[in-house]
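The sequence and the structure are shown first.

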Amino acid sequence: MQAWAIANQKGGVGKTTTTLCLARGLASAGHRVLLIDLDPHASLTRAFGVPAMPPPAGTHDLFGSDGPSLSTLARSTDVDGLKLVAAQPALATLERRGATQPGLGLALGRALHFVQSTYDYALLDCPPTLGLLMVNALAAADRLVVPTQTDPLALHGLADMLRTAEMVERSRRRPMPRYVLPTLFDRRTRTGVQSLDLLHDRYEDRVWPGAVPMDTRLRDAHGLTSAEMPTGRGADAYRRALKWLLAQDGSAQQQAA
Ligand SMILES: Nc1ncnc2c1ncn2[C@@H]1O[C@H](COP(=O)(O)OP(=O)(O)O)[C@@H](O)[C@H]1O
Ligand SMILES: [Mg+2]
């Protein structure tokens, strides 16, 4: 199994949309995919129609002592090959406990270890804050995908995110390849085009050469969780992005063929 963290310290850059679209692409190629919602706002969980109340069993339970395993927490979805571990609002309180409970930063990695042969991919939808949950995702991930809105402010967020990833990589002593996906691109605006150029100048071959365009069909995440494959310019762009991401890793590319 390969774990991909989809992260950016900025909100509203397309993390959840990216997680869903990449997961759908992997599942439609026949892979077994586990989605883990690490965001207390639970957008991914809501997209699958899981109600917030009463809080569903899910990600938070991984952090208790002797809690249920990931296999127990993974729920089926309408999409073949795609399972979801739901997020609960209580995840927000974990950050405080993190300071007092040593080892909590590795809880997710440990849980994933037990489902190594059950899934081909685990996609980790991160919250927009650098706290215990994101640290868990970065510690567990084999690669990092950073969706980045193509506007000048978002570029600062990207630099912060990549610095954080570098720090985590140093402490865990295992490489974590990092890839940038330009999202929410509007080619009619000058700032959009300039930001995209800047991304390519600054990060070169770490940036997917395309960009996910603004597409109203991606605006409602519910539309991305039904049995039928999403269609439209945005969904097509994500299919190309996935192909590129897989091509960055020879073995993963063969698996997807
Ligand atoms: N390419 C796109 N075109 C139009 N709307 C988009 C696109 N990508 C994301 N959105 C919408 O923008 C908002 C933020 O996206 P989301 O994936 O939730 O970001 P994040 O998880 O980073 O907060 C959501 O309402 C989402 O549906
Ligand atoms: Mg999100």
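Helix α6 is largely enclosed by the rest of the structure, because seven of its nine residues are buried. The buried residues of α6 are Leu 132, Leu 133, Met 134, Asn 136, Ala 137, Leu 138 and Ala 140. The model is a predicted one.

**Helix packing**

One partner of α6 is helix α7. The axes of α6 (residues 132–140) and α7 (residues 152–172) come within 10 Å and cross at roughly 60°. That angle makes α6 oblique to α7, and the crossing of the two is right-handed. On the α6 side, the contact involves Met 134, Leu 138, Ala 139 and Ala 140, which meet Met 161, Thr 164, Val 168 and Arg 172 of α7. By class, this contact of α6 with α7 comprises six nonpolar residues, one polar residue and one charged residue.

Helix α7 also packs against helix α8 (residues 190–203), at an angle of about 25° and with the axes 9 Å apart. At that angle, α7 is roughly parallel to α8. The crossing of α7 with α8 is right-handed. Pro 152, Leu 155, Leu 158, Ala 159 and Leu 162 of α7 meet Thr 191, Ser 195, Leu 198, Leu 199, Arg 202 and Tyr 203 of α8. The residues in this contact of α7 with α8 are eight nonpolar, two polar and one charged.

Helix α1 (residues 15–28) and helix α9 (residues 233–247) form a further pair, packed at about 75° with their axes 9 Å apart. α1 and α9 are therefore roughly perpendicular to each other. From α1, the residues in contact are Thr 17, Thr 18, Cys 21, Leu 22, Gly 25 and Leu 26, and from α9 they are Tyr 238, Leu 242, Leu 245 and Leu 246. Seven residues of the contact of α1 with α9 are nonpolar, three are polar and none is charged.

| Helix pair | Axis separation | Angle |
|---|---|---|
| α6 and α7 | within 10 Å | roughly 60° |
| α7 and α8 | 9 Å | about 25° |
| α1 and α9 | 9 Å | about 75° |

In soluble globular proteins, nonpolar side chains tend to be buried together. In this model, the largest nonpolar core has 49 residues, and those with the most contacts inside it are Leu 34, Ile 36, Leu 70, Leu 112, Leu 124 and Leu 144. A second, separate core of 35 residues includes Phe 48, Leu 123, Trp 208 and Leu 246.

Leu 34 lies in strand β2 (residues 33–37) and counts as buried, with 0% relative accessibility. Beyond four places in sequence, Leu 34 touches Leu 70, Ala 74, Lys 83, Val 85, Leu 112, Val 115, Tyr 119, Tyr 121, Ala 122 and Leu 123. Between the C-alpha atoms of Leu 34 and Met 53, which are 19 residues apart along the chain, the separation is 23 Å.

With residues up to four places away in sequence not counted, Leu 70 touches Leu 34, Ile 36, Leu 62, Val 85, Ala 111, Leu 112 and Val 115.

Leu 73 belongs to helix α3 (residues 70–73). Its relative accessible area is 5%, so Leu 73 is buried, the cut-off being under 20%. Leu 73 and Gln 88, 15 residues apart in sequence, are 12 Å apart in space, C-alpha to C-alpha.

Definitions and conventions: Residues numbered from 1 in each chain as written. Chains lettered and ligands numbered in written order. Predicted model: local features only at pLDDT ≥ 70, side-chain atom pairs only at ≥ 80, totals over all residues. Heavy atoms only, no water. Axes fitted to C-alpha atoms, helices over the stretch in contact; angles between N-to-C directions. Helix = DSSP H or I, 4+ residues; strand = E, 2+ residues; numbered from the N terminus. Parallel < 35°, antiparallel > 145°, perpendicular 65-115°, else oblique. Left-handed = near helix turned anticlockwise from the far one by under 90°. Contact = heavy atoms within 4.5 Å. Nonpolar A, V, L, I, M, F, W, Y, C, P; charged D, E, K, R; others polar. Core = buried A, V, L, I, M, F, W, Y, C linked by side-chain atoms within 4.5 Å. Buried < 20%, exposed > 50% of the residue type's maximum accessible area, 1.4 Å probe, protein only.
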